[in-house]
Amino acid sequence: MLKRLTEVANYEKVSAPRKHNDKWYFFKNNGLQNQSVCYVTDRLGGEPRVFLDPNTLSQDGTVALKGIYFSHNGRWAAYAISRSGSDWQEFYVIDLKTGQLTNDHIEWAKFSGAAWQGDGFYYSAYDAPVKGKEFSNVNAGHKIYYHRMGTPQSEDVLFYQNPAYPKRFYGVTVNDDETVMFLFESGAGAGNNLFVRDLRKKDCQFIQMTSDMELQYMPIETEGDQIFLYTNYKAPKGRLMVANIHNPGINDWREVIGEQSYMMEDVSCINHQFVVTYNQDASNHAYVYTMQGQLRHEVKLPSVGSVGFSGEKKEKECFYTFTSFTQPGTIYQYDMDAGQSTLYNAPKVAFRMNDYTTEQVFFQSKDGTRIPMFLTYKKGLKRNGKNPVYLYGYGGFNIALGPSFSSNRIPFLEQGGIYAQVTLRGGSEYGEAWHQAGTKMQKQNVFDDFIGAAEHLISEGYTTKDLLAIVGGSNGGLLVGACMTQRPDLYRVAIPQVGVMDMLRYHKFTIGWNWASDYGTSEDSKEMFEYLRAYSPLHNLKPGTSYPATLVTTADHDDRVVPAHSFKFAATLQECHQGANPVLIRIDTKAGHGGGKPLAKILEEQADIYGFILYNMGLKFK
């Protein structure tokens, strides 16, 4: 299984190019590199040179690049790394004139970019944690610092903190012209607050633009005194508005592109136009608008799938990356005036994608809500109840689960398997109402949707319960844990990955408190405590019950959902479980929640998961 996973992963993966200070940068993975390499070229299509290779930063690929941030004056590039999958970040700086690393080094940053202004940058960090508690203690006291190039971190200037709210996140961005600075405040709701400073004025102060942290306010672009923003304020499916920096309060904003019947998912300003991506039944459609909000035309995408655009306001070049369940990330150059797409880079893969197809089906959840689900499988599949199914979901935190490609699914599809991805409530696919319907005291809807998906696959003859595996990570690990405790009879195999399993104490570790907007906490009220206890996976394992064959996965450096969740759940499950089904836990080392994990570790884990699934379904790997 690992051999086949490695074979199908071995193809070149390239990102769309981006322009910074008259040079073009892109990422490329030759096939089996643990981390993708950043290249630079003087012109589009020119000879690329290695700019930054994260694979040289560790022998085993466990140091990952989290982001590169170019100074506006063309002199520097700061880059953030994480070690062993942790959320902790370190910053280093490259001198773009010499290509050499400077002595500048920042530690204990977290949830931070680098916002350049002049010969320095702003970043967000915490005080150095207590030794031995780096990956478990509650994170509190997020501070913004300014680092001037050529000085040690000990001399960095504290720029902003808010001791009144130690458990909130704070960060700043500066626009390309260094005329406008934004301050973001989040972590006390499903959205954020936004503040603005006019850097053209001496000794200018921040002005608060918004005051409801349940809603989202995201600056897209600035133009003179104008600030264009995406928001779901009085528009649950999103809209584009414009503010004036001299009068930036939300009551003075004007609408540029109004709310539509579908979810506005993304807005980019490219070539002095807006490219707007909408989510329609969990897949993307994109349109070009003028900066005044007039619709110009639709971008004709290759098929049903997901798209991401890249480009700059002042540049005519526009690229988009398109992917679907059967099409790996393919880059197109887009002529915004002619409305034409030209293939720029298509991966050459070692498997026959034309052998597979995707269909979207709809079913009714327990309360009658219409739920979409994508099914990907080999053409000619018979609905005879004999197909193994890998049922995947997430359902939370306003996150959309759209069509995407992963070579890791190929070996399962080659075995006659079905990859089923269900669009659960709690995500953003149908706007804020859809999100809210899967939060707090509506969280049971998410589990009902997932259980409904399993029942639909069985009743429609795709599979039987003996050939059904349920899989999910993080909030999706909670999903799997809740569904296997509520309906242990319905699945053959359960794979809860890095899951939130103790719903009564989750808020007491690292940034767990930040999930209260979706979950509520056991300290909110007696009613919330009882509701959480009623579905908390750890607290609903019952002695003498036969549970599905279960492989719990976690990692030693997971400081997002600490491994204690998985440890306690696996131990209690082993204690309560009755029957022959194996219950195992797989604990990775020098790995975290999943972000930045080296390819070698990803393939090894997936081989173990598939091996566990097929073995417990009584299937041989052909």
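Which residues in helix H7 (residues 526–535) are buried?

1. Basis of the note. This is a predicted model, in which local features need pLDDT of at least 70 and side-chain atom pairs count only at pLDDT 80 or more, while totals for chains, interfaces and linings use all residues. Residues are numbered from 1 along each chain as its sequence is written, and side-chain values use heavy atoms, with hydrogens and water left out.

2. Helix H7. Helices (H or I, at least four residues) and strands (E, at least two) are DSSP runs, numbered from the N terminus. In H7, the residues Met528, Tyr531, Leu532 and Tyr535 are buried. They lie on the same side of H7, because they cover an arc of only 95 degrees around the axis; the arc is that of the directions from the helix axis to the C-beta atoms. Lys526 and Ala534, on the other side of H7, are exposed. Buried means under 20% relative accessible area, exposed over 50%, and partly exposed in between (1.4 Å probe, protein chains only). The buried residues of H7 pack against helix H4 (444–459), helix H5 (475–486) and helix H6 (516–519), where contact means heavy atoms within 4.5 Å.

3. Cysteines. Taking a disulfide as a pair of cysteine sulfur atoms within 2.5 Å, the count comes to zero. The sulfur of Cys318 is too far for a bond, because the closest cysteine sulfur, in Cys269, is 11 Å away. Cys318 counts as buried, at 0% relative accessibility. Cys576 is likewise in no disulfide, the nearest cysteine sulfur, that of Cys483, being 18 Å away. Cys576 also counts as buried, at 6% relative accessibility.

4. The sheet S18-S19-S20-S21. These four strands form an open sheet in that order, with antiparallel pairing; two strands pair if DSSP finds at least two bridges between them. Strand S18 (217–223) and strand S21 (254–257) are the edge strands, each pairing on one side only. S18 and strand S19 (residues 226–231) run antiparallel and are joined by six bridges. Met218 stands opposite Tyr230 in S19.

5. Asp119. This residue is placed in the loop between strand S10 (115–116) and strand S11 (120–125). Asp119 counts as partly exposed because its relative accessibility is 38%. Leaving aside neighbours within four places in sequence, Asp119 is in contact with Asn73, Trp76, Tyr146, His147, Arg148 and Met149. The C-alpha atoms of Asp119 and Arg383, which are 264 residues apart along the chain, are separated by 63 Å.
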